[in-house]
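Let's explore a protein model together, one question at a time. Take a moment to look at the picture before reading on.

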Amino acid sequence: FDGETTQDFAKVTMVHFGRRLGGFDVGGPGSKIVVGLGENGRLVSLIRRWQELDLVQGSAERMLPAEKIGTLTQLDLARTHNKAMKVDAGRPELGFYDDGKGRIEPAWFTKAKVAHDPEVHEFARSGEVLDALSVIPALEGSRLDTVQQREAEVLPSAPDATGPASSDDE
């Protein structure tokens, strides 16, 4: 083929639909529909993670006290970004978290900006600051699984401090 075009591929436009419950956004790996639209709006893909819900009345007494949320958020961000130079957390917002395993519960979502040492992390040499998200289950004794959320909070390149950054680093 030697550089000849054998087939043209049109761009696909991905459209994401999220869920709202009782006026609150639902985050997490569940409760999403992603539609891929090709040429002339033709449907080329559909990903649906949208379970039917049986709503159960909760109890306000099970909600974590608001004064605990800031501390839990800081601990979560520190654990996830333990090598960061600086973490600036925003204000927590209440919503729902769908863990994709059949559980949707109220949770606190806090957006943060994370800065890393440019001497250690190559991506930080350009002054790049990463967006991060902390998810704290809002119910005492919650069984909500937020492991996927924490694992998604990874560095673009995370070499250890003993060696230079390279494209092979995870």
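Two strands pair if DSSP finds at least two bridges between them, and strands (E, at least two residues) and helices (H or I, at least four) are DSSP runs numbered from the N terminus. This is a predicted model, where local features need pLDDT of at least 70, side-chain atom pairs count only at pLDDT 80 or more, and totals for chains, interfaces and linings use all residues. Residues are numbered from 1 along each chain as its sequence is written, and side-chain values use heavy atoms, with hydrogens and water left out.

Q: What pattern does the chain follow along the sequence?
A: Let's begin with the parts: the chain has two helices and nine strands. Reading along the sequence, the pattern is β-β-β-β-β-α-β-β-β-β-α.

Q: Is Met14 buried, partly exposed or exposed?
A: Met14 lies in strand β1 and is in contact (heavy atoms within 4.5 Å) with Val34, Val35, Gly36 and Ser45, leaving aside neighbours within four places in sequence. Buried means under 20% relative accessible area and exposed over 50%, with partly exposed in between (1.4 Å probe, protein chains only). Because its relative accessibility is 40%, Met14 counts as partly exposed.

Q: How many Å separate the C-alpha atoms of Met14 and Ser45?
A: Along the chain, these two residues are 31 residues apart. Their C-alpha atoms are separated by 8.8 Å.

Q: Which side chain makes a polar contact with the side chain of Ser31?
A: Ser31 lies in the loop between β3 (24–27) and β4, and it counts as buried because its relative accessibility is 1%. A polar contact is a pair of N or O atoms within 3.5 Å; within protein, one must be able to donate a hydrogen and the other to accept it, and residues adjacent in sequence count only if both atoms are side-chain atoms. At 3.2 Å, the partner of the Ser31 side chain is the side chain of Arg19.

Q: Which residue takes a positive phi in the hairpin of β2 and β3?
A: Strand β2 (residues 20–21) and β3 run antiparallel, with two bridges joining them. Arg20 stands opposite Asp25 in β3. The hairpin has two residues between the strands, and the one with a positive phi near 55° is Gly22.

Q: Which residue in β7 stands opposite Gly27?
A: Two bridges join β3 to strand β7 (residues 93–98), and these strands run parallel. Opposite Gly27 stands Tyr97.

Q: How many residues make up the largest nonpolar core?
A: A nonpolar core is a set of buried Ala, Val, Leu, Ile, Met, Phe, Trp, Tyr and Cys residues joined through side-chain atoms within 4.5 Å. Here the members include Leu77, Ala112 and Phe123, while β8 (104–116) and β9 (130–137) each supply at least two residues. In all, the number of residues is seven.
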